[in-house]
Each structure stands twice: as C-alpha cells, then as structure tokens.
Amino acid sequence: MAACRRKGIDRAAVTDHNSVAGALAARKIAPDLIVVGEEVNTDCGEIIAYFLNELVPSGLPVREAIVRVRGQGGVVGVSHPCDSLRREAMGVERLLPIVDQVDALEVFNARCIWPGDNDRARAVAQEHGKLMFAGSDAHMAMELGQAAMRMSPFDSPQTFLASLAHAEIHARLSSPLVHFGSTYAKLVKRIARR
C-alpha cells in the first residue's frame, strides 16, 4: 500500500491466485485504495474478478465461476488471455465460447514476455467489442504501476465499468527477470511449509 501511494496509484486491485484473504485484509487497512479481487483458476484457464466479498473456489467450470462472480455483483475479466507461455492462460479457443459473458479483456499484461501476446488480446477485444484493461500482474512492490489505467474515479462495479470504457492505458513490459523473483518466492513458501 505504501508503494502504491509512493507511485501515485489511487486505486489498486488485489487479485491473488484463488484467494481473497489478502485483498480483504488490505481493504480493511486502506478501503479508499483497495479493490478486492481474485484471479480464479477455472476448468479452462484463469478469469479475473473485481469487487468481490468472498472467495470464488478454484477449479470450477468457467461458466459457474462467472455466475459466482456475478452473484456477488462483481466484474468479470480475462487476464492475459493470449499469453503463449502461461499454461493457465485461457487462449483464444477457450475464450471465444464465453467472450460474451465477460466484461473486459486484459490487453496489456506487463509480465507477458512476448509483446505479440498482448497484441493478440487487443485484437480479440476489439473484434468482440469488449472493454480493455491493463495489469501490472505485480508479484513484487517494484512491479506496481508497470501497467496502469488512467480513469475517472469510481466507487462501484457499475461506475468502474463506465470509467473503464474511457480509460487510457499507460504501460510498459516488465523485465523478464521478474519471473525469477516469483520463482524464488514460491520456493521460500514451499520450504517454510515444510
């Protein structure tokens, strides 16, 4: 939260993988800054959800996961949909059957190694008239703000979507070296559990 304030980030979505615990805790500390979200692993890749109040379980069929997000009044997006190196990316083949059920597609993910993957996501969003967003996909504080949206203030899912429709993306790719930091953090977690 201090890094967000230092970098001039007015709102940040905390979207841990298959967890809302950290986001809920952060919102208690900084309700004006934090949007509670989750990156949900479904049976056909990841979706990203914003404005949640409770966990959406991982491993559900994608359509059921979307229904659960909607049941909370949440916003449904697809994170890094065309990333060719992430096995959890949905890919165009699995995205197209559900594209009409999502609000937005991530068209710039700062952790995508191949810029063309972001370009493909933008093309799909434009072709299907989807709102577009960018994400830092920050796993470390130094990555915050690599991809940001300049948008009008919002205070609900509805005003968020209205603001997103006119938002500007300000983004740059992270160094591929950030993936080593994530791998190191995973190893430390595994060792700590043992």
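User: Which element gives the largest share of the lining of the largest cavity?

Analyst: Strand E4 does, with three residues. A word on the basis: this is a predicted model, where local features need pLDDT of at least 70, side-chain atom pairs count only at pLDDT 80 or more, and totals for chains, interfaces and linings use all residues. Residues are numbered from 1 along each chain as its sequence is written, and side-chain values use heavy atoms, leaving out hydrogens and water.

User: What makes a space a cavity, and what lines the largest cavity?

Analyst: On a 1 Å grid over the protein atoms alone, a cavity is a set of points where a 1.4 Å probe fits but cannot get out, and a lining residue has an atom within 4 Å of a point. By this rule there is one cavity of 30 Å³ or more. Its volume, the space filled by probe spheres set on points joined across faces, edges and corners, is about 30 Å³. The lining includes Val 75, Val 76, Gly 77, Phe 160 and Leu 164. Elements giving two or more residues are E4 and H6.

User: What makes E5 and E6 a pair of strands?

Analyst: A strand is a DSSP run of E with at least two residues, a helix a run of H or I with at least four, both numbered from the N terminus. Pairing asks for at least two DSSP bridges; E5 (residues 104-109) and E6 have five, in the parallel sense, so they pair. In one of these, Leu 105 has Met 132 in E6 as its partner. E1 and E2 also qualify, being parallel over three bridges, and there Ala 13 stands opposite Val 35.

User: Why are E1 and E6 called edge strands?

Analyst: The open sheet has six strands in the order E1-E2-E3-E4-E5-E6, with mixed pairing. E1 (12-14) and E6 (131-135) each have a single partner strand, so one side of each lacks a neighbour in the sheet.

User: How do you know that H5 packs on the sheet?

Analyst: Contact means heavy atoms within 4.5 Å, and helix H5 (residues 115-127) touches E5 and E6. Its direction makes about 155 degrees with that of E5, on a scale from 0 to 180 degrees between N-to-C directions, with axes fitted to C-alpha atoms (for helices, over the stretch in contact). Helix H6 (residues 157-164) lies across E3, E4, E5 and E6, at about 95 degrees to E6.

User: Why is His 80 called buried?

Analyst: Buried means under 20% relative accessible area, exposed over 50%, and partly exposed in between (1.4 Å probe, protein chains only). His 80 has 2%, so it counts as buried. Asp 137, at 16%, is buried too. Neither is a glycine, and phi is positive in both: near 30 degrees in His 80 and about 55 degrees in Asp 137.

User: What makes the buried residues of H3 line one face?

Analyst: In H3 (residues 62-71), the buried residues are Val 62, Ala 65, Ile 66 and Val 69. Seen down the axis, they fall within an arc of 100 degrees, so they line one face; the arc is that of directions from the helix axis to the C-beta atoms. As a rule, an α-helix has 3.6 residues a turn, so residues three or four places apart point the same way. The cover over H3's buried residues includes E2, E3 and E4, while Val 67 and Gly 71 are exposed on the face turned away.

Methods:
On a 1 Å grid over the protein atoms alone, a cavity is a set of points where a 1.4 Å probe fits but cannot get out, and a pocket is an open set with protein on both sides within 12 Å along at least five of seven lines; lining residues have an atom within 4 Å of a point.
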